[in-house]
Amino acid sequence: MAMMRRKLVAGNWKMNGLQKDRDFLSALVDAHPDAPAADVLLCPPATLLSAMASAKPDWLMLGGQDCAQTQSGAHTGDISAAMLADLGCSHVIVGHSERRSDHGEGDALVRAKAEAALEAGLVPIICVGETLQQRESGEAEAVVVSQLRASTPECDAGAVVIAYEPVWAIGTGRTASPEDAQAMHAALRTAWPGADSDLLRILYGGSMNPGNAEALLSQSDVDGGLIGGASLKPDQFASIIRTLR
Ligand code: PEP
């Protein structure tokens, strides 16, 4: 039985954003005076979360870009899921390809971080995706399914979000074709170990912008987007949200 999954548009600001960029919120509210038809999440840098939590519209959810695998302790520089929840976050991205490559994070650590997120009451957005070389050698689906299995805790499908982000599409201006994205999302749904895969939300990420969002987001297994560059510009982010009206 096919389930209706509410779409989720999530912005990932990465290491961008200063105090002055809080203006983004008023521009977003001007573009969407009423609650949008989709769930909308913004993941600014941790330094802006507190200020944004007190200035954001009710319909906008906030998330972290990473969390530690434990909730507190002697881990200088790390931010725990409990701390993010304490600031009013509902979600946290884990296993983004930039963390996997820049910080050497592997599937086991990503899974531990996702478990810490669940324990703190957050929804982890668990990122998976193949490199260009893996796609060209025909391994994309096997790589991505293996990352899903090894990076995801045992839990209900509704407790997590998966983001399919082909590494070669992140920040490059290249996107997966809507057909390739749909095929990978369907493969991920099939690989979900539980019987509740109809409830699993799978986002596409990789150079999504107002020009390609509609074609990607209209695929039946694409349940939303994880958006980097275009989420820094309120008009572009708003325009992507509007494609879901
Ligand atoms: C991302 O950071 O998750 C991302 C998809 O970035 P971009 O949209 O800039 O490719």
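Which backbone N or O atom, that of which residue, lies 2.8 Å from an oxygen atom of the ligand? In this predicted model, one such atom belongs to Gly228. A backbone N or O atom of Gly229 is likewise placed 2.8 Å from an oxygen atom of the ligand. Glu165 contributes through its side chain, a polar atom of which is 2.6 Å from a ligand oxygen atom. The table lists these contacts.

| Residue | Protein atom | Distance to an oxygen atom of the ligand |
|---|---|---|
| Glu165 | polar side-chain atom | 2.6 Å |
| Gly228 | backbone N or O atom | 2.8 Å |
| Gly229 | backbone N or O atom | 2.8 Å |

On its own, the ligand has 290 Å² of accessible area, and the protein covers 95% of that area. The site of the ligand is the second largest pocket.

The cysteines form a separate topic. The structure contains zero disulfides. For Cys43, which is in no disulfide, the nearest cysteine sulfur is that of Cys89, at 7.6 Å. Cys43 is buried, its relative accessible area being 0%. Cys67 is also in no disulfide, and the nearest cysteine sulfur to it, again that of Cys89, is 10 Å away. With a relative accessibility of 1%, Cys67 counts as buried, because the limit for this class is under 20% relative accessible area.

Terms used
Residues numbered from 1 in each chain as written. Predicted model: local features only at pLDDT ≥ 70, side-chain atom pairs only at ≥ 80, totals over all residues. Heavy atoms only, no water. Polar contact = N/O pair within 3.5 Å; in protein donor to acceptor, adjacent residues only side chain to side chain. Areas by Shrake-Rupley, 256 points an atom, 1.4 Å probe, with all protein chains shown as cover. 1 Å grid on protein atoms, 1.4 Å probe; cavity = no way out; pocket = protein on both sides within 12 Å on 5 of 7 lines; lining within 4 Å. Sits in = over half its atoms within 2 Å of the grid points. Disulfide = S-S within 2.5 Å. Buried < 20%, exposed > 50% of the residue type's maximum accessible area, 1.4 Å probe, protein only.
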